Amino acid sequence: MIAPAPHLTVLGALGDLAGRQLLPGVVELAARDELPPGFALRGVGREPIGVEGFKAHVERALDAHAAHLGARARRRVVDALDYRAADLQDLSQARAAIESNQPSVVYAALPPSVFPATVAATAAAGLPEGSILAIEKPFGRDLASGGALNALIARELAGIGVARVDHFLADELPRRVVELRRSVAPVAASWCGRDVESVEVIWDETLGSEGRGFYDAAGALRDVVQNHLLAVLSLVLLDDETLTRSPARVAALREVRTPSPRDCRERSLRARYGAGVVAGRRMPAYVDEPGVAPERETETFARVSLESDARRWAGARFTLRTGKALARNRGEIVVRFRPGETDAPRELRVGLLEPFVRLTLRGASGQPEAVELGGPPVRGPYANVVRELLAGRDDWMVGGEEVEEQWRIVQPFLDSWREGAPPLQTYPAGTDPTPARRKLTA
């Protein structure tokens, strides 16, 4: 628990993340009358556009991404805005932009390359007790750099709270797998390797790289598997569903077996899309997208299979997969159970893109019986992120140890793939690259 801080400073306030996700999340809280008294929002960007220019920029962003939330809520947020121009790589400018005599949440909606400078500026700003620095993933690009970032934060920000944001944990949809374990008796009784044969966590997108140059330096494994999908898997693996904060998730991840070189060769797939058609739209090959260096062999599809050494999960297989330019958008947790008695679970599907929970039971007639559960989430992920930060809570924020456990699991795949094992495959855009469904080309 961190002290409440009603002032929000957004670094990178003119960027895509702020305009498309963070500011609409603030408006969602305004629409629900959940912003704290005295709420104020300061934007910080490189351009000297002034307060009125910033307000006009935010109004355009909210018209595009938050129009459904109503004019009153948007006006409340716009009226609370301030703006300061600063080059965040310049310590004196950045410190002056961050300084405040009120406890503040400083939200770094920035690329990872700016994190060290942001940490230094936040440390130098002399913020009051109760202030928080919130940073977005990725937390490093491998195990060594993730550990170095944690060490920098521990060294420079001893008096300031730090919140590592992963919006998948803030999303109410993946949390439903925990709620089901608590409240649905057949699921609770079968939540172990004795009864669970396999778990898949899937995040498939029809979207390509769309010219985002940063993606080529990351790839699917770093961009989604290392953080989002492992965060979801930690909720599946929790030993006690009543304990969901970072220490419990760390304990669950710590039991995931470090993949061996053989595991990396035989239990993973990496591929990138070639030219094809997605939802009726022609898409160029990934290597022909702007900003792509083909020799990097950046994957746009990643699938890895893992095992847990926890006694509870002996014999179960866990598969994480994500990709771009695929046949359809699909996000879900799929739990498949071993053969059992009547009324035992057969399959459980929890939506990560859409709000659904489908529990299939083994009926007395021998035919599966599907039970539909769940409804729309109360708030969107970024509304939950901002709400938690302003209230001084960090229940669904990622801890430093958690980051390093995630990288510990992923690092062997990074090393093996860098050495060419398994070989990078190609799939036509708009198709499913899973080998069981289509033959890949080397």
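This is a predicted model: local features need pLDDT of at least 70, side-chain atom pairs count only at pLDDT 80 or more; totals for chains, interfaces and linings use all residues.

Mentor: Residues are numbered from 1 along each chain as its sequence is written, and side-chain values use heavy atoms, with hydrogens and water left out.

Trainee: In what order do the six strands of the open sheet stand?

Mentor: Strands are DSSP runs (E, at least two residues; helices are H or I, at least four), numbered from the N terminus. Two of them pair if DSSP finds at least two bridges between them. β3 (81–85) and β6 (161–165) each have a single partner strand, so they stand at the edges. With parallel pairing, the order is β3-β2-β1-β4-β5-β6.

Trainee: Which residue in β4 is the bridge partner of Leu8?

Mentor: Strand β1 (residues 7–11) pairs with strand β4 (residues 104–108) in the parallel sense over five bridges. The bridge partner of Leu8 in β4 is Val105.

Trainee: Which strands does helix α5 touch?

Mentor: Helix α5 (residues 115–124) packs on the sheet. Contact here means heavy atoms within 4.5 Å. The strands touched by α5 are β1, β4 and β5 (132–136).

Trainee: Does Ser131 count as buried or exposed?

Mentor: Ser131 lies in the loop between α5 and β5. Buried means under 20% relative accessible area, exposed over 50%, and partly exposed in between (1.4 Å probe, protein chains only). Ser131 has 1% relative accessibility, and therefore counts as buried.

Technical notes: Axes are lines fitted to C-alpha atoms, for helices over the stretch in contact, and angles run from 0 to 180 degrees between N-to-C directions.
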